[in-house]
Amino acid sequence: MRTRIESIFRVLGFVSVLCFLWPCATGVCAPAEAVSSSVLIHAAKEMDGTTVLFEGEVIGDIMRRGTYAWVNIHDGINAIGCWMPFAMAQTIAYTGNYKTKGDWVAVSGEFHRACPMHGGDLDIHAHGLKIVRGGQVVIEQSDTAKKNTVFVLTGVVCLVLILMRFKQA
Amino acid sequence: MVLKPNLDDIKNICFYLGKIMLGLSLTMLLPLMVGVLFGEYNAALDYLIAGEITAITGLLLIFLCRNDKEMSWMQGMIVVSLTWIVAMLAGGFALYLSGHFKSFLDACFETMSGFATTGLTLCQDMDHLPYAHQFWRHVTMFLGGQGIVIVALSFFVKGSSGAFKMYVGEARDERVLPNVISTSRFIWLVSLVYLALGTVTLGSIGLLNGMRAHNAFFHGACVFMAAFDTGGFTPQSQNILYYHSFAYEVATIVCMLLGSINFKLHYQVWTGNRKELFKNIESSALFVSISLLFILVAAGLERSGTYSSAITLFRKGFYQLVSGHTGTGFQTIYAQQFVNEWSDLSLVAVVFAMGLGGAICSTTGGIKMLRLGIIYKALREDIKRIILPEKAVVVQKFHHIKDIFLEDKQVRSALLITVCYFLLYIVGALVGMIFHYPFLDALFESTSAAANVGLSCGITAPGMHPLLKLTYIFQMWAGRLEFMSVFALAGFFVAAVKGK
């Protein structure tokens, strides 16, 4: 009976170790709490070379460079460039611009204050990427107040032009 | 005795101001078209509203103040200084309607920063700004770089006498061609040719860097306008760091240097006189100044151990320095990194670079290389006078398109403007210090605003005090117009109050 309990614990222990190691091996392992861009920029020297979790909206273009890609992520304060395998970047569906709200992602990776590989850029080399919230297309609502203002102003322009013409004549 | 301005003076000023406002309203058709092209109808309406208000005001001024009187020097200067304020208000109104600015003052700050080719920004959530507004931000730099009044001179003003007075008022004291209107048109020709070449080059690099085609060329056009006009706006909040591209950095350095060269020198090179590029006092002074200041920047960065390798140090240090010296303000580091990671020595070197600026009759701000060259030559002449026997005739020459004998009035004028710039830099720094910023940070931001550069160490933000925003707006305006038009406007108001 005792050996049976021991073996159950051994299996459980093995499973829990696996549960801990698997995310690390696949790159999803990261500090539980996301760090903000202002902390990364202000405490860049202290954070240099550490593994960080950075969350934010994907903005602009996903810029493919061979088998890797640059993805710029904005956390509401600053945007930081994340260097990741292109296959990882392909999981991103929406990138932010005027007409689109980009995917909100959590990136775990190694933070560089002055990346030696990328000409001294402050960046994150991503190990893992998780889509926290999906993005969406933003539908522009027609602004009636602006339309009415244009209508009135066009009338005034015509009136002034007629007045000028009348005076010239 | 100071003469009080009469109604005719005011009518003449308002008449020309009206014409320029009409021209300005037409330029708003550009972002309007971009808005329609990208299906951003609300943004397009912003430009229709702002454009119509500007046009109505312009038409009314023309209608009420029409006259055939010749423009005086004073009136020309006042028209120019008022034009820049009116342009700031009109352009700022369109941006304010976008909802990306905390207040109308912030939108005005952005427009003045654009027209004055500074590049300091207060835009919020820039990465979601419509293409139309992005385009307008960059067009303001293109118009302001060449000169807002030059737009009107090229297309709306008849007769070269009044035109020349406004041309000079907009800090352009050199004519490329004998006629000022031909000069204005030549400046536009140079700018448009380079715009086409620059857009294709930067667009192609963007495409190769993995950007979507429409974005690559849109960014190419915007970044070129900002680089050649030594502005510093970019379509993304990360500035040039967004592109993560060495090729983009090299291409923008070339554009910035092209923008910092005198249009007269462009003309010489275009007409086959390439030797002038190496003989000219301004290009020599720029080369010497960049070299010496880079040594200081590099020494500072080396001492602080900011970058681990020499290549990285060169790439970051040289880019920020050239960007500052040419008055552009592109950054490949975050604003806070200047203060947190760069040593004081490197910062001071960048402050000097920003303060000195590029060439006269270019799109840069600051003291400018010709003045620096003249002051250096005058100093050399004085030293020679001391060393050589009393009876020796000391003659000093400098080469600027042709050999010119150094005269006292040139030295006086150069020194006067230089002193004004130094005062402007210091006053801005003092105002910054009143709001509890350290001296070096305040001086950095103040010099950046007054010399129309746009590099920021983090002070410029939507949350900064309105008085500081107004100070920077004034610095950008006075610095861009090189003081004379601003002094003329101040004199006009004094005469209106105290004159008889």
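**Entry 1**

I began with B:His244, which counts as buried because its relative accessibility is 7%; buried means under 20% relative accessible area, exposed over 50%, and partly exposed in between, with a 1.4 Å probe and protein chains only. Before going on I noted that this is a predicted model, where local features need pLDDT of at least 70, side-chain atom pairs count only at pLDDT 80 or more, and totals for chains, interfaces and linings use all residues. Residues are numbered from 1 along each chain as its sequence is written, chains are lettered from A and ligands numbered from 1 in the order in which they are written, and side-chain values use heavy atoms, with hydrogens and water left out.

Where does B:His244 sit? I found B:His244 in the loop between helix 10 and helix 11 of chain B. Helices here are DSSP runs of H or I with at least four residues, strands are E runs of at least two, and both are numbered from the N terminus. The phi of B:His244 is near 45 degrees, a positive value in a residue other than glycine. Most residues other than glycine have a negative phi, so I wrote that one down.

B:Asn239 lies in the loop between helix 10 (213-228) and helix 11 (246-259) of chain B. Its phi is near 60 degrees, again positive in a non-glycine residue. I have B:Asn239 as buried, at 15% relative accessibility.

**Entry 1: salt bridges**

B:Lys316 and A:Asp121 form one of them, with the closest N and O atoms 2.6 Å apart. This pair joins two chains, because B:Lys316 lies in helix 15 (residues 310-325) of chain B and A:Asp121 in the loop between strand 5 (104-112) and strand 6 (123-133) of chain A. I checked burial too, and both B:Lys316 and A:Asp121 are buried.

Next I looked at B:Lys69 and B:Asp8, a salt bridge with its closest N and O atoms 2.6 Å apart. The two are 61 residues apart and link distant parts of the chain: B:Lys69 is in the loop between helix 3 (41-65) and helix 4 (73-97) of chain B, B:Asp8 in helix 1 (residues 7-27). B:Lys69 is partly exposed at 44% relative accessibility, and B:Asp8 is partly exposed at 38%.

For B:Lys469 and B:Asp106 I have 2.7 Å between the closest N and O atoms of the salt bridge.

**Entry 2: where chain A meets chain B**

I counted 50 residues from chain A and 48 residues from chain B in the contact, contact meaning heavy atoms within 4.5 Å. The area buried between the chains is about 4200 Å², with 55% of it from carbon and sulfur atoms; buried area is the accessible area (1.4 Å probe) that two parts lose on being put together, summed over both. On the chain A side, A:Asp61, A:Tyr98 and A:Lys146 lose the most area to chain B, together 15% of what that side buries.

Four salt bridges run between the two chains. B:Asp46 and A:Lys146 meet in a salt bridge at 2.7 Å, N to O.

Which element of chain A gives the most residues to the side that touches chain B? I have helix 5 of chain A, with 14 residues.

**Entry 3: strands in chain A**

Strand 5 and strand 6 of chain A pair in the antiparallel sense over nine bridges; two strands pair if DSSP finds at least two bridges between them. I noted A:Gly128 in strand 6 as the bridge partner of A:Ser108. Strand 3 (residues 79-85) runs parallel to strand 6 of chain A, joined by three bridges. A:Gly81 stands opposite A:Asp123 in strand 6.

**Entry 4: B:Gly92**

Is B:Gly92 buried or exposed? I have B:Gly92 as buried, at a relative accessible area of 0%. B:Gly92 is in helix 4 of chain B. Not counting residues up to four places away in sequence, B:Gly92 touches B:Ala87, B:Phe104, B:Ala107, B:Cys108 and B:Thr111.

Methods. Salt bridge = Lys/Arg side-chain N within 4 Å of Asp/Glu carboxyl O.
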